[in-house]
Each structure stands twice: as C-alpha cells, then as structure tokens.
Amino acid sequence: MSESLPAPSTRALADPRLWCWGLAAITALALATAHLIEALGYAPCPLCLYQRYPYYVAVPLLAAGALGGFPRLALMAALGLYLLDFGIAVFQLGVEQGVFALPESCAASGRATTLEELKRQLLQTVPRCDRPELFILGLSLASWNALLALTLALLSGFALGRSRG
C-alpha cells in the first residue's frame with residue numbers, strides 16, 4: 001500500500017512559516033487601523049500606546065522567523081507578546097470600569113500656578129485612560145484589542161500545535 005500525501009490545505013496548516021506571515025499581516029493591519037483611528041482625530045491614551053508595543057515587536061519578529069528559518073521560535077515569542085498585549089488591554093478595561101486605579105501617566109499633571117504653566121499643560125494634555133472616546137458596536141477600543149490579542153494568542157498556539165513533528 002502506498003502512503004497518500006496530505007491535502008494541500010492540511011500541509012499549509014502545518015507550515016509554521018505561513019502562520020508567521022499570516023499573523024504578521026493581521027498584526028500589521030491592526031497597527032494600521034490604530035494609526036488610522038488616530039489620524040481621524042481620536043488621540044490614544046498612554047495605555048492605548050502601550051498596547052501597540054507588543055504588536056510593533058511581533059510583526060518583524062514573525063517576518064524574521066519566517067525568513068530566517070526559526071518560525072516555531074517566532075510563534076512562541078509572538079504567543080507571549082500577544083498574551084502580554086491581552087493583559088495590558090484587560091488592565092485598561094479595568095481602568096475604564098473603575099476596577100483599577102488610573103495610572104499616573106494617564107492623569108493630568110498638577111495645578112498650574114502661572115499662565116505659562118497652564119499653556120504647557122494644555123499642550124501636553126493626554127487623553128485619560130478611564131474615559132474611552134470611541135466605541136464600536138458598543139465596545140471600547142481596549143475591548144476590541146483584548147479580543148484581538150486573545151485571538152492572535154490562540155492562533156499562535158494552534159499554529160504551534162499544528163506544526164509539531
């Protein structure tokens with residue numbers, strides 16, 4: 001009896017390099033969307049910016065893993081980055097709901113005593129992390145990012161499981 005080859009779709013699901021490219025593309029699209037929302041006038045709060053950092057690392061890491069011959073290692077690192085991002089997003093959701101205290105980086109600085117200090121503070125005003133400005137289908141952007149980061153983590157884990165052996 002001759003052994004049959006797996007179907008092309010099955011082989012593709014087992015190729016960790018393809019998973020690296022797919023996850024890198026989805027992550028890059030998420031970053032592009034965040035920058036588009038910012039360009040539309042919705043300034044990100046500090047926690048929103050922190051949520052981008054794992055994605056900034058994941059995209060080149062996954063591409064390097066696919067090109068450099070270490071896709072499984074890149075998928076493992078990406079899994080950790082996505083879980084870190086998920087944690088930051090959940091923390092921001094807790095801040096939005098009043099469960100966690102507002103971080104100092106998200107609060108306005110002290111009182112201005114001179115007109116010059118007031119001008120400086122107004123120019124440096126950052127959006128508050130506990131007051132989301134934009135909701136899409138009833139969810140804040142932190143909620144959407146938590147869902148995305150968790151999905152990307154699950155996909156990374158699935159890819160690692162499929163590419164064994």
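These legends accompany close-up views of a predicted model. Residue numbers start from 1 along each chain as its sequence is written, and side-chain values use heavy atoms, leaving out hydrogens and water. Local features need pLDDT of at least 70 and side-chain atom pairs 80 or more, while totals for chains, interfaces and linings use all residues.

**View A. The largest pocket holds about 620 Å³ of space.** A pocket here is an open set of points on a 1 Å grid where a 1.4 Å probe fits, with protein on both sides within 12 Å along at least five of seven lines; lining residues have an atom within 4 Å of a point. Its volume is the space filled by probe spheres set on the points. Of the 30 lining residues, Ala34, Ile37, Leu141, Ala142 and Asn145 are closest to the centre. Helices (DSSP runs of H or I, at least four residues) that give two or more residues are H2 (16-39), H3 (46-68), H4 (71-96) and H6 (141-162), and H2 has the largest share, with seven.

View B. Tyrosine 55 belongs to H3 and tyrosine 82 to H4, so the pair ties together parts 27 residues apart in sequence. Both tyrosines are buried (under 20% relative accessible area).

**View C. Phenylalanine 91 and phenylalanine 100 are stacked.** Here the centres lie 5.1 Å apart, with 20° between the planes.

Note on methods. Buried < 20%, exposed > 50% of the residue type's maximum accessible area, 1.4 Å probe, protein only. Phe/Tyr/Trp six-rings, centres within 6.5 Å; stacked < 30°, edge-to-face > 60°.
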